[in-house]
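The sequence and structure are shown below.

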Amino acid sequence: MNERLEKLRESMARHHMDAYLILTSDFHESEYVGEYFKCREYLTGFTGSAGTAVVTREEAGLWTDGRYIIQAKKQLEGSGFTLRQTGQEGTASVEEYLKAAMPEGSTLGVDGRTLSGRMGEKLKELLELKHVKIAYEQDLVGQIWEERPPMSKKPVWILDEKHAGRSARDKIDSLREEMEAAGADIHIITSLDDIAWLLNIRGGDIACNPVVLSYVIVTMRELTLFVSQEVLSRKVIRYLEALPVSIRPYDDLYEVVKSFRQKRVLLDKGRVSYTVVRSLDRSNRILDRMNPVSQAKAVKNPVEVENERRAHIKDGVAVTKFICWLKNQVGKIPMTERSVSEHLENLRREQEGYIGPSFPTISAYGEHAAMCHYLATPQSDTAILARGMYLVDSGGHYYEGTTDITRTIVLGPVTDKEREHFTLVAMSMLRLSHGKFPYGCRGVSLDYAARQLFWSRGMNYSHGTGHGVGYLLNVHEPPNGIRYEMDPERMDYGVLKEGMVCSNEPGFYVEGGYGIRTENLMVCKKAEKNQYGQFMEFECLTFVPIDLDGLDLSVMEETDIQYLNDYHRQVRERILPYLTEEEATWLKEATREVSKK
């Protein structure tokens, strides 16, 4: 890593740059990126999905959030990078650091295609008092990256309307109505999940994210898709042309954008790159607001919601079978984090309509579970024994939708403190599941329902409580989410609307000890409407038992126990018909009614 760092500094010197900014995103502001775009990982060795690196002539730093701190500490050893936790008291943000570190009249380098328009403009405003120039046209890490993987070009396929619930033509018509209402002549879309949803297409250009590397420009009469021609079969081309969609090469976007004059251009600077924004002629007027497609996509239509229910039954069967197998076989046969993860994947493959994982499975035993996004490697793979706790956070893509579930499983003796923490996590998840609130609330209004048990004890967990989930798309999908931080750069602060699918995943982590998380997905729906307005509530989608062996019933209130028993009754009703006799016997015991008596 030091060698790569020095090569970057040499390149910076040749280009007269005093600092270089390396972001995680690709040219589409994606959270997860393909191998070609992993410049930050290549330079630092840190593999997490969130992080920003800054290299100056004397220093190198990497900023990431609380989910990845334990992992980053290990992966940055010997890299030459200093770790900084975002949002930590006393820790300067990337922007604050650059403002202090950049000399008067210096130059900051960055590949502007990976920098959001909003962050780029913020940096420009912040640094112009010191007359700092932003050079955004050079990919310096890419230039030193030997044997860089090629850009992905996986085949595109069409999502049938029986799964999508709406035709692409209908979605495009609705988008044009939104454009007309906004007074827009042109709409630029570069976010991959929005493009896939709009056109009812899917691909495989990002692992676990069935999206297609592409851009879209929409006018009131035309829609142009910028994509590599070789990923389109004749069937897909005929389908697109019938919409109608014009097809142009992927890299043509920038030249087309430069040609616009005196247009009102709708785009979301948070999800469109700085290079795209800077490519627009000054005669154009930019209408900067959240992409209407992002908002429409988040509200699942009735067909999608019903399909999601079916997908979660399939997924619940697979995960329930897995827990039954794990509890019965641990200590009897050899097991490791990777081997049990593969067993779970095999059980999912048995389900009709299963396509693949919705994210890399977090299979974490013991202290590894304290790393929220731990990924078992051949080097870290740990034997699983009949003691302590095991955490598995996994999900699947089905034609009927996307799942995401976490269960912490007790495999043997645990301490009273571990049992207490396990119980608090389960209670928090169940309490949020039963939340009722007036329409207009955002996730920031609901986060306390999950954290109250922890905050009242002076405890916390360093990740959001919930995120939106796409339909056979990205497992993390804005604008809905549940968290208490008000970071203006984040998108997940949308009003919770009927049809939005959201995760519910409180947790607790002890570095060097253990980690606990319990996660279900739920869909927002309307409750009663009265003189106080329209009320909203959640319907649970995930049905898999919560391990009774981890609960301390003395910590729970009667209402919490009732919530648990009601949930386990629903698990039995939905999952029992799909199990073998032996598995059914186990599930009945695993979901038995409990009480303090």
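How many bridges join strand β1 to strand β2, and do these strands run parallel or antiparallel?

## Strands β1 and β2

The model is predicted. Strand β1 (residues 19–22) and strand β2 (residues 52–56) are joined by 4 bridges and run antiparallel. Within this pairing, Leu21 has Val54 of β2 as its bridge partner. In general, the strands of a sheet pair through backbone hydrogen bonds, in either a parallel or an antiparallel manner.

## The sheet

The open sheet comprises 6 strands in the order β4-β3-β2-β1-β5-β6, with mixed pairing. At its edges lie β4 (82–85) and β6 (133–135), each of which pairs on one side only. From one strand to the next, the twist averages 20°.

## Helices on the sheet

Helix α1 (residues 2–14) lies across β1, β2 and β3 (60–64), and runs at about 60° to β2. Helix α4 (residues 94–101) also packs on the sheet, where it touches β1, β2, β3, β4 and β5 (107–110). The direction of α4 makes about 10° with that of β2.

## Cysteines

A disulfide is a covalent bond between the sulfur atoms of two cysteines. With a cut-off of 2.5 Å between cysteine sulfur atoms, the count of disulfides in this model is 0. Cys540 is in no disulfide, and the nearest cysteine sulfur, that of Cys502, is 12 Å away.

Is Cys39 buried or exposed? Cys39 counts as buried because its relative accessibility is 9%, and buried means under 20%.

Notes
Residues numbered from 1 in each chain as written. Predicted model: local features only at pLDDT ≥ 70, side-chain atom pairs only at ≥ 80, totals over all residues. Heavy atoms only, no water. Pairing = 2+ DSSP bridges. Helix = DSSP H or I, 4+ residues; strand = E, 2+ residues; numbered from the N terminus. Axes fitted to C-alpha atoms, helices over the stretch in contact; angles between N-to-C directions. Contact = heavy atoms within 4.5 Å. Buried < 20%, exposed > 50% of the residue type's maximum accessible area, 1.4 Å probe, protein only.
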